[in-house]
Number of protein chains: 2
Amino acid sequence: MKILIVEDEPSLREIMVRTLTREQYVVEQAADYASASDKIAAYDYDCILLDIMLPDGSGLRLLEELKKRRNRAGVIIISARDSLDDKIEGLELGADDYLPKPFHLAELSARIRSVLRRHQRDGYECLEAGNVRLWPDSRRVEVDGRPLELLRKEYDILHYFMARPNHTVDKAALAEGVWGDHIDQVDNFDFVYAQMKNLRRKLHDAGADIEIRAVYGFGYKLVRP
Amino acid sequence: MKILIVEDEPSLREIMVRTLTREQYVVEQAADYASASDKIAAYDYDCILLDIMLPDGSGLRLLEELKKRRNRAGVIIISARDSLDDKIEGLELGADDYLPKPFHLAELSARIRSVLRRHQRDGYECLEAGNVRLWPDSRRVEVDGRPLELLRKEYDILHYFMARPNHTVDKAALAEGVWGDHIDQVDNFDFVYAQMKNLRRKLHDAGADIEIRAVYGFGYKLVRP
DNA sequence: CTTCGACAATCAATATCTTCATAGGTATAC
DNA sequence: GTATACCTATGAAGATATTGATTGTCGAAG
């Protein structure tokens with residue numbers, strides 16, 4: 001799950017990043033309107049935390065832009081101005097939630113979970129492939145009804161595949177989706193290989209009847225052999 | 001395919017028997033620990049549906065006994081007690097699956113199919129062509145009882161042919177089946193030729209009495225010369 | 001603040017796959 | 001029968017993927 005934090009105050013931004021990272025999200029940040037806009041154009045986020053007061057423009061304008069581009073990310077507006085007008089305008093522009101400053105980090109987490117759940121791409125509750133089932137809400141995986149313990153990245157990767165049935169995914173997109181934007185100028189995919197190896201072993205050992213195949217020179221594909 | 005139902009409640013047992021009979025299984029039943037134990041000792045089952053709470057003993061003990069005797073039947077534990085402990089203990093004792101009461105009959109069927117498949121007696125356990133045998137689950141191949149080492153694509157190709165006996169397959173379909181859908185707009189089949197060459201050599205060197213023939217302008221066919 | 005342990009990334013050594021250049025086959029027309 | 005165009009096969013070279021061992025990182029516990 002990828003989250004973008006748009007917030008100009010560094011200390012608040014930092015603490016948000018730390019909190020959400022600890023909660024297993026892939027977190028990226030932007031300090032102003034311009035860079036936020038760039039990132040949103042370039043990458044795919046599941047949720048965007050949007051401060052309204054930015055040094056170089058209003059977050060509401062960014063929100064407008066977002067909706068115009070039909071971005072699928074859920075948006076939570078964050079604002080110190082506890083004015084009802086802002087809230088109303090934000091929600092009318094299509095924000096999913098509104099969080100007035102100051103807020104508790106626990107509250108932030110709860111709102112995010114709620115938005116993500118509501119926004120979950122196709123309203124699925126449980127993803128299924130072969131005898132493997134995956135619950136995005138609880139980050140749980142089962143093979144033939146028995147629980148399968150996966151580490152963070154392993155889970156993220158499996159989720160990425162299962163959310164895109166019958167899709168051959170290219171390595172760069174996978175890396176970007178699971179790891180985040182810092183992957184862009186990377187020259188090798190060793191870290192993908194390493195995770196892939198572990199995930200494959202666990203799936204196999206657990207008796208899964210699906211497997212992740214390499215597509216030479218491109219990426220991977222989840223198949224039922 | 002023989003299934004034993006160990007369940008003391010008559011009405012539930014009956015409906016299970018009817019359902020599974022309709023699905024072409026050979027179904028037998030036992031209402032208590034003693035008769036279940038007798039039946040298991042006397043006959044060979046492919047799958048055993050085991051209620052944990054029995055009037056004269058715990059199904060878990062029966063499971064233990066089963067494993068001690070190295071019985072090959074797949075076991076699905078059924079229990080009203082939805083306690084995690086039971087589930088864990090059952091799976092640790094070697095059950096193949098766990099189904100909490102109440103359950104849908106469709107779910108039961110699905111679990112049974114899954115267990116049977118995993119136990120490799122359902123459908124094919126092994127594909128055969130000439131003196132070549134191939135086990136899809138373990139990705140193993142033997143020629144005249146001698147193991148044959150194949151690389152990934154080589155195995156995939158052989159499997160593709162053996163799963164379609166006496167079938168002339170066209171190259172595009174083969175490529176799509178083995179490599180995936182990104183092959184669609186490809187301008188040459190050099191990669192197929194290369195793999196084919198290696199597979200053929202290995203089959204020949206191993207003394208296989210089958211061979212893959214080219215069908216000019218179309219594809220390939222697996223034949224016994 | 002330090003230590004520990006779990007997890008993730010890196011590195012180096014193979015293993016595997018495709019591409020390329022080239023050669024050999026097969027069908028059809030003349 | 002031979003010429004021609006198109007298929008198919010082959011070996012070697014280069015590109016990509018996999019693996020196990022090693023090293024780094026971070027949060028939690030002491």
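A salt bridge is a side-chain nitrogen of Lys or Arg within 4 Å of a carboxyl oxygen of Asp or Glu. The views below show a predicted model.

**View 1. A salt bridge links B:Arg139 to A:Glu211.** The closest N and O atoms of this pair are 3.5 Å apart, which means that the pair falls within the 4 Å cut-off. Between chain B and chain A the count is two salt bridges. Two residue pairs are in polar contact across the interface of these chains.

**View 2. The side of chain B that touches chain A draws on several helices.** Elements that each give two or more residues to this side are α4 (84-92), α5 (105-118), α6 (152-162) and α7 (171-179) of chain B. The most comes from α5(B), with four residues. By type, the residues on this side of chain B are four nonpolar, three polar and 10 charged.

**View 3. Chain B and chain A bury about 1200 Å² between them.** Of this area, 33% lies on carbon and sulfur atoms. Chain B brings 17 residues to the contact, and chain A brings 15 residues. The size of an interface is often given as the accessible area lost when the parts come together.

**View 4. Five strands of chain B form an open parallel sheet.** The strand order is β2-β1-β3-β6-β7. Because β2 (26-30) and β7 (97-100) of chain B each have a single partner strand, they stand at the edges, and one side of each has no neighbour in the sheet. On average, neighbouring strands are turned by 20 degrees against each other, direction ignored.

**View 5. Strands β1 and β3 of chain B run parallel, with helices packed against the sheet.** Four bridges join β1 (residues 2-6) to β3 (residues 47-51). Within this pairing, B:Ile3 stands opposite B:Cys47. Helix α1 (residues 10-22) of chain B touches β1, β2, β3 and β6 (74-79), and its direction makes about 165 degrees with that of β2(B). Helix α2 (residues 33-42) of chain B lies across β1, β2 and β3, running at about 140 degrees to β2(B).

**View 6. Four strands of chain B form an open antiparallel sheet.** The order here is β8-β9-β10-β11. At the edges are β8 (127-129) and β11 (146-147), each of which pairs on one side only. Strands β9 (residues 132-135) and β10 (residues 140-143) of chain B are joined by four bridges. B:Leu134 has B:Val141 in β10(B) as its bridge partner. Helix α6(B) packs on this sheet and touches β8, β9 and β10 of chain B, its direction making about 105 degrees with that of β9(B).

Conventions
Residues are numbered from 1 along each chain as its sequence is written. Chains are lettered from A and ligands numbered from 1 in the order in which they are written. This is a predicted model: local features need pLDDT of at least 70, side-chain atom pairs count only at pLDDT 80 or more; totals for chains, interfaces and linings use all residues. Side-chain values use heavy atoms; hydrogens and water are left out. Two strands pair if DSSP finds at least two bridges between them. Axes are lines fitted to C-alpha atoms, for helices over the stretch in contact, and angles run from 0 to 180 degrees between N-to-C directions. Contact means heavy atoms within 4.5 Å. Buried area is the accessible area (1.4 Å probe) that two parts lose on being put together, summed over both. A polar contact is a pair of N or O atoms within 3.5 Å; within protein, one must be able to donate a hydrogen and the other to accept it, and residues adjacent in sequence count only if both atoms are side-chain atoms. Ala, Val, Leu, Ile, Met, Phe, Trp, Tyr, Cys and Pro count as nonpolar, Asp, Glu, Lys and Arg as charged, and the others, Gly among them, as polar.
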